[in-house]
Every structure is written in C-alpha cells, then in structure tokens.
Amino acid sequence: MSQEVLLKVRHMHKAFGPTIALKDVDITISRGEIRGLVGENGSGKSTIMSIASGMQPATSGEMSYKGAEWKPASMVEAQAAGISMILQEANTIPHVTVAQNIFAGREKEFASFGVINMRRMYKAADEVLAKFGLSHIKGNHMIDQYTFEDRKLIELVRCVDDNTEILVVDETTTALSLEGRQILYKLIHKMAEEQNKAVVFVSHDMDEILAHCSVLTVLRDGDIVGELTGAEIHEADAVKRIRYLMVGREIGEKYYREDYDTSHGDEVALELDHVSFGPIREFSLRLHKGEIIGFGGLSGCGMHEIGRIAYGIEKLSGGRVLRKGKEIKSPLQAIESGIGYISKNRDSEALILEGSIQDNIVLPSLTALEKGIVIRPSDEKETSDREIDSFRIKCHSGKQYVNTLSGGNKQKVSFAKWTAKGSEVIIMDCPTRGVDIGVKQAMYSLIEEMKKEGKAILMISEELSELVGMADKLLIMKDFKVTKEFMRSPDLKQTDIIEYMI
C-alpha cells in the first residue's frame with residue numbers, strides 16, 4: 001500500500017481563553033494506516049482532528065491536505081473534500097427522517113425542477129444502509145424512533161462514502177454494542193487495508209486501540225509525547241508503556257475492587273415494586289444501603305430503561321418506585337429523596353452545556369445551600385471548587401462553560417453533581433463512558449468508597465469487565481427480562497456471562 005501523505009499538521013496551537021488545548025503539535029496522517037490517538041481527558045487528541053475536519057479553527061499553525069494548504073471553513077466543506085468525523089456525542093438531526101439525515105446537505109441530488117423526490121431519497125438511503133449491514137433501519141422512518149446506538153450507526157453511514165479519504169472515529173464505540181462495534185471495525189480495516197485510505201481512531205479502550213491500530217500517537221496536556229508503530233504496539237509491555245506516556249507516572253496495579261465481600265446493610269435504599277413500562281413487565285428489585293447491583297446486556301436489552309424508571313423519568317403503566325416507603329414519580333422527587341442519576345446520554349440529559357461548570361455542579365444542591373432565602377455565591381464557589389479539585393476537572397475556573405470541555409471532563413462534572421449533593425442512592429448509566437484510564441481508576445476507587453460509606457449504587461454498563469470488577473450482584477438482561485443473576489466471585493469470568501446476553 002502507498003504511504004502517500006494525506007494530511008500534514010505543523011505547529012498547531014489551540015487556546016480556549018486561558019486554557020491551552022494544543023501546544024505546537026506536529027502530526028502526519030498517511031494512506032493505509034489506522035492511526036490511534038490516545039491520552040487523558042483534555043490531552044488534545046479530539047481537538048487536533050476537530051480542527052482538521054472543519055469543526056473549529058486553530059489558533060495558529062498550518063495544515064496541508066493532499067499536498068495543498070488546508071483551512072476548512074466547516075465540517076460540510078471538509079466532508080465534501082474527503083475528511084469526515086464521527087463525534088462522540090449524538091450528532092443527528094432530530095424530528096426528520098433517516099434519509100434526510102444521511103443526505104443532509106446533498107438534497108439537490110434528488111431534486112427535479114426544485115422539488116425533492118423523497119421516494120428516490122428513501123430508496124437510496126435503504127440501499128446504502130443495506131450496504132453497511134443495517135437493513136433494520138429504514139430511510140423513511142423518523143430518526144427519533146431509533147436508539148442512541150442506531151443513530152450513531154446512521155452517522156457512520158452519513159459520514160462514509162466513496163469520496164471519503166480520512167475517517168475520524170472519535171470515541172464512537174462507547175455508544176455501540178458488540179454488533180455495532182464489529183460493523184465499525186470491519187469498515188475501518190476495509191478502508192485502510194483494501195481501499196488505501198486513512199482512519200484516525202480516538203479511543204480510551206486500550207484493548208480496542210491495540211487490536212485495530214497500525215500506528216499509535218500518545219498525547220499529554222496538548223503535546224505529543226510518544227508514538228508506537230508496528231511491532232511496538234504488540235509488545236508485552238505496550239499497555240504499561242502507553243499508560244506511562246499518557247499520565248507521566250506509573251499507574252498502580254489496583255484497578256477494580258480487590259475484595260469479594262457482598263455484604264450490605266439491612267435497609268432497603270431503593271425498591272422497584274412490580275414496575276411495568278413498555279415491554280418491561282412486572283419487574284421487581286431491592287437495592288440496599290452499601291450494595292452495588294450491576295446491570296449488563298446488549299444494546300436494547302432493557303437495562304437502560306431500568307435506570308430511567310428508578311429515577312422517575314418514565315411514566316409507569318404499573319407498579320411503583322419506592323424510596324424509604326415514599327413513591328417516586330419524577331426526577332425532582334428522586335433528587336429531593338437523595339437519588340442521583342448519571343445518564344448515558346450525557347449532553348442531552350445529564351448536563352446543561354451552555355451553563356458553567358459551577359452551575360452544573362451546584363444545581364442539585366441549591367436547596368441545601370440556601371441560608372434563609374439567600375444562596376451565597378461564595379458557598380456555590382466553595383462547593384464547586386471542591387469537586388473540581390477532587391475530580392481533577394481540567395478547566396481554568398468553575399465559570400468555564402461545560403460545552404468547552406472534553407468528553408471525559410464533562411463526565412467528571414456529571415459525576416461531581418451528585419457527590420456534591422451527597423446523594424445516598426446513585427444510578428450510574430455507563431458511568432465511565434469516554435473517560436481515560438487514570439480517571440476510571442479514580443472513579444472505581446470512589447465507587448468502592450461509596451459502598452463502604454453505605455451508599456446504594458445501581459450500575460448499568462456495557463462493559464462487562466467493569467461490572468465483574470465492581471458489582472456485588474450482577475443481573476444480565478435480554479429482551480427486557482433478567483436471564484441470569486451472578487454474585488461477586490473471584491471465579492466469575494466474562495465468558496460465563498456472555499451466553500445469557502446473546
């Protein structure tokens with residue numbers, strides 16, 4: 001395969017006010033490679049490619065694409081030229097059809113005398129969806145009826161066409177099930193190895209990076225600090241070496257819990273009493289103080305709905321959610337009763353993106369911060385600053401807007417809201433999604449400490465290793481029912497679990 005250079009970045013610098021995201025970065029992307037970009041949250045890995053794909057401009061520096069100067073004014077311009085980026089968060093257009101999403105900006109291809117032939121567009125959408133193995137998605141359906149995972153796959157279809165020369169995959173696999181990931185992996189290998197194109201793969205999943213990348217670039221604090229190529233990626237100490245480059249220090253061996261103590265308090269902290277919602281029927285659960293119950297399964301199994309039910313988001317067709325004997329019918333009641341909820345859909349449900357870090361962190365705690373009818377700004381700042389320091393949120397101050405943060409730092413803020421509130425029950429839906437290994441380690445330590453303090457935790461995750469490593473009891477769901485229950489054990493393996501998911 002040709003090693004022709006497609007994209008060359010030189011002396012790239014990017015600042016967000018006083019925050020420096022990139023410092024004089026140089027990188028070259030060539031044909032035939034799957035380039036992994038790894039680093040801690042806020043290291044700059046997504047920023048490089050967001051500039052190259054037209055999402056935002058660099059503060060300074062220069063780029064060339066196919067040998068010519070490259071300064072894309074928008075993502076639409078970049079995609080038309082052959083550079084497409086699939087973002088970590090949802091990036092589909094709501095309230096329109098799947099076909100309108102796939103062909104957004106290309107409607108003229110289906111127009112005659114100024115009128116768009118929607119039937120032709122739907123047919124073309126169905127054909128391209130089938131080519132990606134996504135025949136269950138229909139071009140004439142409204143996109144809102146599809147799951148978050150299916151919407152990510154629709155984004156993939158929209159981004160990739162015969163014109164695509166560089167595909168940027170930014171933490172996309174965190175939203176995909178095993179089947180969805182296999183579709184993506186097959187595509188990127190085909191692009192790089194058969195079509196001689198380039199893929200840039202941004203991920204926190206080290207196993208995924210090592211399995212699929214041919215070149216690996218490591219960033220720390222806006223600088224490129226190392227690169228692994230060829231055989232180096234597959235050496236026995238590769239993971240240890242990469243982690244050291246990412247954080248600048250050795251990461252301890254302890255990751256998940258090391259104990260196998262499944263004991264908990266007698267008090268029931270949260271109860272789901274024969275709840276029914278949609279295809280979930282007569283589901284019951286008791287979560288005790290000091291207990292971690294994990295839910296696992298494939299996308300669409302019903303586990304995410306359990307979290308939403310427990311937090312009072314969904315209107316039940318039967319049954320009750322109880323906290324200390326009182327029924328929970330809304331998120332407001334849940335918050336007031338001491339329940340916190342970390343949503344999988346971070347940007348749309350967990351955070352106010354146009355608000356400051358401080359506003360987001362203190363929002364659930366405002367009632368507790370009141371002194372009479374007044375909330376002192378100094379108390380808000382003190383609460384926010386404590387959590388920013390505790391979670392090491394990379395920002396210049398608590399006044400910085402959440403929408404300027406990296407995905408992982410946003411996740412820290414969504415966690416910090418509830419630790420600031422002192423919530424006694426925390427529902428965690430994909431709690432470490434998009435978070436780097438160092439922060440994951442800190443979060444697991446925090447979850448373990450919460451258990452010791454008597455907090456009750458409902459952990460919903462698409463990462464089996466996380467559930468096996470942290471839960472006291474693990475419930476596996478398929479087709480909106482629990483198919484198997486596992487207790488924490490040193491002998492429990494992921495291979496024991498998978499057959500009950502599929």
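Let's start with helix α8, which spans residues 238–247 and has A238, I242, L245, M246 and V247 as its buried residues. Buried means under 20% relative accessible area, with exposed being over 50% and partly exposed in between (1.4 Å probe, protein chains only). Helices (H or I, at least four residues) and strands (E, at least two) are DSSP runs, numbered from the N terminus. Keep in mind that this is a predicted model, in which local features need pLDDT of at least 70, side-chain atom pairs count only at pLDDT 80 or more, and totals for chains, interfaces and linings use all residues. Residues are numbered from 1 along each chain as its sequence is written, and side-chain values use heavy atoms, with hydrogens and water left out.

What covers the buried residues of α8? The cover includes β3 (34–39), α7 (206–212), β11 (215–220), β12 (223–229) and α16 (437–452). Just after α8 comes G248, with a positive phi of about 75 degrees.

Two packed helices are described by the angle between their axes and the distance between the axes. Axes are lines fitted to C-alpha atoms, for helices over the stretch in contact, and angles run from 0 to 180 degrees between N-to-C directions. Helix α14 (residues 377–391) packs with helix α15 (residues 407–421) at an angle of about 125 degrees, and their axes are 10 Å apart. The two helices are therefore oblique to each other; angles under 35 degrees count as roughly parallel, over 145 as roughly antiparallel, 65 to 115 as roughly perpendicular and the rest as oblique. On the α14 side, T383, R386, E387 and F391 meet K412, F415, A416, T419 and A420 of α15. Contact here means heavy atoms within 4.5 Å.

Now follow α15 to its packing with α16, where the angle is about 15 degrees and the axes lie 12 Å apart. That makes α15 roughly parallel to α16. The contact is made by Q411, K412, F415 and T419 of α15, together with V439, M443, L446, I447 and M450 of α16.

Our last stop is a pair of strands. Strand β21 (residues 473–478) and strand β22 (residues 481–487) run antiparallel and are joined by 6 bridges; two strands pair if DSSP finds at least two bridges between them. The strands form a hairpin with 2 residues between them, and D479 in the turn has a positive phi of about 55 degrees.
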